[in-house]
Amino acid sequence: MTSATCSSALPRAADPDAALRGSASPLFIYLLRLGDNALMLGHRLSEWCGHAPVLEEDLALANMGLDLIGQARSFLTYAGEVEASGRDEDALAYLREAGEYRNILLVELPRGDFAFTMVRQLLYAGLTQRLFEALAASCDATLAGIAAKGAKELAYHVRHAAEWTIRLGDGSEDSHRRTQLALDELWPYTGEMLEIDEVERTLIGQHIAVDPSHLCPGWEQALAAVIAEATLQRPAHTWMHSGGRIGRHSEHLGHLLSELQYLQRAYPGAKW
Amino acid sequence: MIAVSLTSIACQQSATAARAWAAAAAVVDPEVPILTIADLGVLREVRITDGVVEVVITPTYLGCPAMAVIALDIETALVKAGFARCKVTTVLSPPWTTDFMSEAGRVKLRSFGIAPPAGKASRRALFGEERVECPRCGSAQTTRVSEFGSTACKALYRCCVCAEPFDYFKCI
C-alpha cells in the first residue's frame, strides 16, 4: 500500500487566497473550509431523502445530513462573527458565488450510487472525526467547542459507513464491483483533506488549527482494516485532485448551488 | 444591621433566581415532550444580571431542529412567570452527552416507551451493538433495526421477546 497521501510532497497551492486575504483573516478562511465541507456533503446526503434503498437507510442518510448541516451552521455562524462585516450563516451559505466556496472537491461530487455515497462518507468522516478530535484542543474556544461536538456525531457516521462498506464490498459480485469502483473513483480526491497552505500554517503556529498530516497514519490504518474486511483494494494512485480549498471547483458545485441557493436567489430575504 | 439587610437582599435575589430557574426548567423537549430540558441536561444555567434573566442551554446535536423551539418556549415561559427581560444563550462547551441526562429523565423515558441511553457515552468501539432493554417488557433480547431513528438522538430497535418496535435514546 502506498502512503502517497501522507508524503510531504503533496501538491500545495502557492498562494491560495491572495484575492481574499486582503480583507479576510486566516481564521475566517479556515472556518469557511470546515463549514463548506459540511454544508456540501450535508446537501448531497439530503438528496437521498425519499430515494434510499430502504426506509431505515432513508432515515440514516437524512440524520447524517442533518448532523453535517448543523456543523456547517455552527462553523459559518462563527465565520460570520470573525469576519465582522454583518454576514450571518444564511448569507454565507446562500449568497456566495461558486468560486467563493472553500470546500474540498470530494464533497461536491454528485451522490452517485449507494456504494459511492457510503465510501465517500467513510473517507470523509474517518479523517474529519480525527481532525475534530484534535481541534477540540484548539486554543480557539469556539472552534474547539464546535469540533468536540461534531467529533461525537461523526463517530456514528464512521461506524455506519464502515459497516455498509464491509457489507457491500464483501457482498454480492455486483455490490463488490460497485464499491470497488467507488473507492477507485474517490481515492484521488482524498489528498485535498490533507493539504495545508499559508492559512493553516499561520493558524497551526497559533495553536488554533491542526496539521492533518499528523492524523494520517492513524486514519490510514483504521481505513485499511475496513477495506481489508470489505475485500476491497485501495488504489495506488499517487496523483491527487486539488483546488476546491482555494475556490477552483468542479462544474458539479454550480449545479449543486443552483438547488441549494434557489429559494434565496428567487425570493431574496425569504424567511420561514 | 447592615449584614442582616444584605442577607435578606441576597435571599430575595436567590429566590428570584430560583423562580426563573423553575420557569425555564419546566420547558419540555418538543420532540420528547415527557422530558423537560432540565431532565435532558440541556439547561445549563440561569443567571440574572441587571434585571435581565439569561438562560444558558446546550444542544444535544449541532443540527437539532428543536433548539429554536426550545429557545422560544423558554422566553415564553419566563415572560409568563413575570420576567419580561430575558435572553437565551447557547453554549457548546463542555459538549452535551447522554451522561447529562438525569435519573428522573431516564425513568420518564422508559415509561414513555423509549429506552434510555445504556452505559456511558465514552464508548469508542467501531462495531458491535449496545445492550438495550425493551422499555415494554424489560427483555435484553433486542435487536437494532437502524442506528438512526425518527430524530437525531434516537435509534430504532425491536424486542425479540414481545416483538415491540421501540426508539432508543442513543449514547453520544
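How many helices and how many strands are there in chain A? Select chain A and colour it by secondary structure: you will find eleven helices and zero strands. Helices here are DSSP runs of H or I with at least four residues, strands are runs of E with at least two, and both are numbered from the N terminus.

Before moving on, a word on the model. It is predicted, so local features need pLDDT of at least 70 and side-chain atom pairs count only at pLDDT 80 or more, while totals for chains, interfaces and linings use all residues. Residues are numbered from 1 along each chain as its sequence is written, and chains are lettered from A and ligands numbered from 1 in the order in which they are written.

Now zoom out on chain A. Its C-alpha atoms fill a box of roughly 55 × 45 × 30 Å along the principal axes. Of its 272 residues, 48% count as buried, that is, with 20 or more other C-beta atoms (placed from the backbone) within 10 Å of their own.

Next, select residues 26–46 and 55–83 of chain A. These are helices α2 and α3, which pack at an angle of about 155° with their axes 7 Å apart. Axes are lines fitted to C-alpha atoms over the stretch in contact, and angles run from 0 to 180 degrees between N-to-C directions. This angle makes α2(A) roughly antiparallel to α3(A), a label for angles over 145 degrees.

Finally, show chain B beside chain A. Here 17 residues of chain B are in contact with 24 residues of chain A, where contact means C-beta atoms, placed from the backbone, within 7 Å.

Conventions:
Angles under 35 degrees count as roughly parallel, over 145 as roughly antiparallel, 65 to 115 as roughly perpendicular and the rest as oblique. Two residues are in contact if their C-beta atoms, placed from the backbone, lie within 7 Å. A residue is buried if 20 or more other C-beta atoms lie within 10 Å of its own, exposed if 12 or fewer, and partly exposed in between; C-beta atoms are placed from the backbone.
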